[in-house]
Amino acid sequence: MAPVLISALEADYILKGIDDNLRADGRGRLDYREVILETGLITQAHGSARCRLGEGTDVLVGVKVDIGTVDIDGTEEEVATVKAKRGRVVCNVECSPIASQQFAGRGADDINNELTQMMSRVLNGPQGGLNLEKLCIIPGKACWIVYIDALVLDYAGNIVDTMFMTTRAALFNTQVPKAIIHDLGDGEVEFDLSEDVEEWERIEGWEHVPISVTLNKIGSRHIVDATPLEELTTEAKLHVMVNRNGKICGIQKSGSGSIEHSLLSEMVQVHIFVI
Amino acid sequence: MVDRRRIQGPEVSVAPIIIKSADKRTCLKDEHSRRRDGRNLEDICPIFLKTGLISQANGSAFIEIRRTKIACGVYGPRQTKIPSFSGKGNLNVEIKFAPFSCQKRRQPYRDAQEKDLSQLVIEALVPSIRLDLLPKSTIDIYITVLENDGTASCLAAAITCASVAVADAGIEMLDLVPASSASYIGGEIYMDSDLAEEQHETGYLILSYMPSLKEVTHILQSGDVDLALTTQAFEQCTDACSKIYSVMINSLLLPIRDTQ
């Protein structure tokens with residue numbers, strides 16, 4: 001990615017502002033920008049949502065569900081039997097070049113990959129919230145695969161938080177066609193998909209899908225919801241994913257700096273306050 | 001009519017008794033909370049760490065923890081090939097899993113997981129290396145995983161190994177970066193879990209930490225966990241890192257002692 005630069009004076013201005021709990025746009029350290037969330041914008045998708053953060057960051061998420069075969073790669077028998085009864089979630093994040101010059105060409109490859117893996121890690125597994133067992137159609141054979149595609153359309157800082165908020169909204173909006181199972185005898189099972197839109201159902205457990213709070217360490221303090229200039233001053237970021245029960249669903253550091261031992265514990269505590 | 005050429009079995013047969021425990025989870029530890037290899041829950045495994053195994057590299061290291069085997073070579077600092085304006089040096093990490101390293105064969109080309117792990121190793125190491133002293137230069141770190149015994153502990157071992165290799169290359173650093181991992185299984189913390197334990201985990205924590213500066217260079221947690229348990233795992237991983245730190249220092253001192 002082409003480095004985007006910040007002058008030493010600008011960095012110093014931001015740093016001092018944060019020390020005084022007053023940022024360039026008038027916010028305090030732990031204040032979020034205004035969030036505008038819309039759902040159901042794309043008719044071709046099974047679920048969609050768009051989120052704008054302040055006057056900048058814009059993320060569009062489309063969810064499509066598709067029938068797929070059950071993927072059993074766990075060699076241990078016990079693990080395989082659990083997997084056979086589950087659907088799965090496939091994530092993809094793309095930072096569009098229209099959002100920022102730095103995403104042009106192959107520049108976005110690294111960040112796309114990082115965000116995609118981060119989202120897959122959180123949404124696949126018990127912390128993801130979705131009831132994957134409800135996505136199973138015929139155990140061991142067919143299941144629903146939920147494809148979550150996030151598109152970053154405009155960049156004004158804090159992509160990760162926006163992305164998780166939009167994903168949660170898109171999953172709330174998703175309607176899965178009902179599968180009608182016919183037993184043909186001799187253990188042979190077939191299924192049809194219901195044409196009736198009235199019968200389509202929400203994915204169970206969408207309300208437990210976590211959201212993320214990103215804390216940016218600048219100097220010896222930390223802020224939430226950073227703007228691009230503030231992100232350039234950031235030494236290290238800490239993404240903390242939390243669900244509605246206040247449980248931590250994931251922690252990840254990114255960026256090139258390190259975080260003091262004591263500050264890290266404090267930063268993890270802060271996320272609960274923010275929510 | 002009986003076929004006489006066949007081996008005659010007994011006339012009556014009894015169905016075999018299949019001894020299988022109802023819950024395999026209990027097998028991960030016995031009643032004294034000892035794990036299958038005799039460790040307690042909070043114990044880490046013995047580590048074998050050796051530097052200078054790759055003759056062509058500027059610095060190299062090899063680590064072995066249980067069945068995990070990782071080799072790492074450091075080349076550089078050299079001039080950045082495509083120079084772009086930067087007052088700092090560049091760090092390039094490539095993790096490669098050998099095709100035979102996991103239970104399932106891995107494709108020889110670089111996949112998304114390898115790219116992601118490489119990025120995590122970069123983020124864990126960058127805070128410790130004095131890249132500000134190496135403008136317009138690049139350091140290349142190549143990590144090959146020969147055998148993988150649990151992905152979380154494997155990543156931790158890769159960070160530890162790479163950090164020692166960088167020190168072996170004589171590159172200026174603030175501190176060594178030991179890393180350790182923990183699995184959450186049934187509301188308990190299993191330090192440094194192996195592949196079988198990892199398949200039962202509900203989450204994991206990987207922490208890399210600079211003990212002299214008391215700074216965390218990387219943290220990665222996944223799973224549905226209480227704040228209290230996270231804090232406890234965090235403390236245990238920090239302690240484990242301090243233990244690994246002494247192994248790292250020994251491995252760097254050993255070749256010097258030998259020449260003396």
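Buried means under 20% relative accessible area, exposed means over 50%, and partly exposed lies in between (1.4 Å probe, protein chains only). Keep that scale at hand for this tour.

This is a predicted model, where local features need pLDDT of at least 70, side-chain atom pairs count only at pLDDT 80 or more, and totals for chains, interfaces and linings use all residues. Residues are numbered from 1 along each chain as its sequence is written, chains are lettered from A and ligands numbered from 1 in the order written, and side-chain values use heavy atoms, without hydrogens and water.

Select chain A. It has six helices and 15 strands (DSSP runs: helices are H or I, at least four residues; strands are E, at least two; numbered from the N terminus). Of its 275 residues, 51% count as buried.

Next, look for salt bridges (a side-chain nitrogen of Lys or Arg within 4 Å of a carboxyl oxygen of Asp or Glu).

Select A:D12 and A:K16. Their side chains form a salt bridge, 3.0 Å from N to O. Both sit in helix α1 (residues 8–19) of chain A, four residues apart, about one turn of the helix. A:D12 is partly exposed, at 32% relative accessibility.

Move to chain B and pick B:E197 and B:R35. Their side chains meet in a salt bridge, N to O 3.0 Å. B:E197 lies in helix α3 (residues 195–198) and B:R35 in the segment before β1 (47–51), so the pair ties together parts 162 residues apart in sequence. B:E197 is buried at 1%, and B:R35 is buried at 3%.

Return to chain A for a network: salt bridges with shared partners join A:D25, A:R27, A:R33 and A:D225. Zoom in on A:D25 and A:R27, whose closest N and O atoms are 3.0 Å apart. A:D25 is partly exposed at 42%, while A:R27 is buried at 8%.
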